[in-house]
Amino acid sequence: PLHTTDFSGGNLLGQWSPHFGTGSALVLRGYYDHTFRDVPTQFRERRHTLDLELQHRWQRGRHDLLWGAGWRGSRDEVGTTPLIAWDPSQETITVGNLFAQDELHLTDRWRVLLGLRVEDQSTMDAQLLPALTLAWQVSPERLLWAGAARAVRAPTRIDRDIRIPGAGTPIVVGNKDFQEEEVVAYEL
């Protein structure tokens, strides 16, 4: 027999953006999302997500400074089916961050971007994520840049908590000790 997929949800987004005169702007954003998905015999999930972010931009002289903070919390409740199970069946993952970036105009054609983000997630230790980019405006139509940055991918529920099949002897089992993955990227 065919099974009908049940999907429902909704979200709400709000933003407040006062301006404080020339060279200064603030943005405060809030987002809430609720989803429910049920694919009989395969997958069932109810998820609530709240995301808050504050950014302040300040421009003075040769500096264009952007700084802020953010927080996200996501709670899920997943059901066991013959195909997939989750251990635990409920989890809340939170992510907090602080960041700052300065775009420094060295000359009319040269600028450097320096950035640092500190991110703390409930599934890994706090991480420092620096970035550096040097840009040269060769002509009005051409920009050359070189940069380096560090990024980290946190373990997900699939990495740590999945069991396939959900009933019987599992073939695939998530690893509770799954570690974050790191990349140092260079671009030109």
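Predicted model: local features only at pLDDT ≥ 70, side-chain atom pairs only at ≥ 80, totals over all residues.
Strand 1 spans residues 6-16. Strand 2 spans residues 24-39. The two run antiparallel, and 11 bridges join them. Strand 1 is hardly covered. Of its 11 residues, the count that are buried is zero. In a regular strand, side chains alternate between the two faces of the sheet.

**Two residues compared by cover**

Gly-14 lies in strand 1, and Thr-35 lies in strand 2.

| Residue | Relative accessible area | Class |
|---|---|---|
| Gly-14 | 36% | partly exposed |
| Thr-35 | 17% | buried |

Why does Thr-35 count as buried? Its relative accessible area is 17%, and buried means under 20%.

**Contacts of Gly-14**

Which residues does Gly-14 touch, leaving aside neighbours within four places in sequence? They are Leu-28, Arg-29 and Gly-30. Arg-29 is 15 residues from Gly-14 in sequence. In space, their C-alpha atoms are 5.7 Å apart.

**Contacts of Thr-35**

With neighbours within four places in sequence again left out, Thr-35 is in contact with Ser-8 and Gly-9, among others. Its list also includes Glu-45, Arg-46 and Arg-47. Thr-35 is the buried residue described above, at 17% relative accessible area.

Note on methods:
Residues numbered from 1 in each chain as written. Heavy atoms only, no water. Buried < 20%, exposed > 50% of the residue type's maximum accessible area, 1.4 Å probe, protein only. Helix = DSSP H or I, 4+ residues; strand = E, 2+ residues; numbered from the N terminus. Pairing = 2+ DSSP bridges. Contact = heavy atoms within 4.5 Å.
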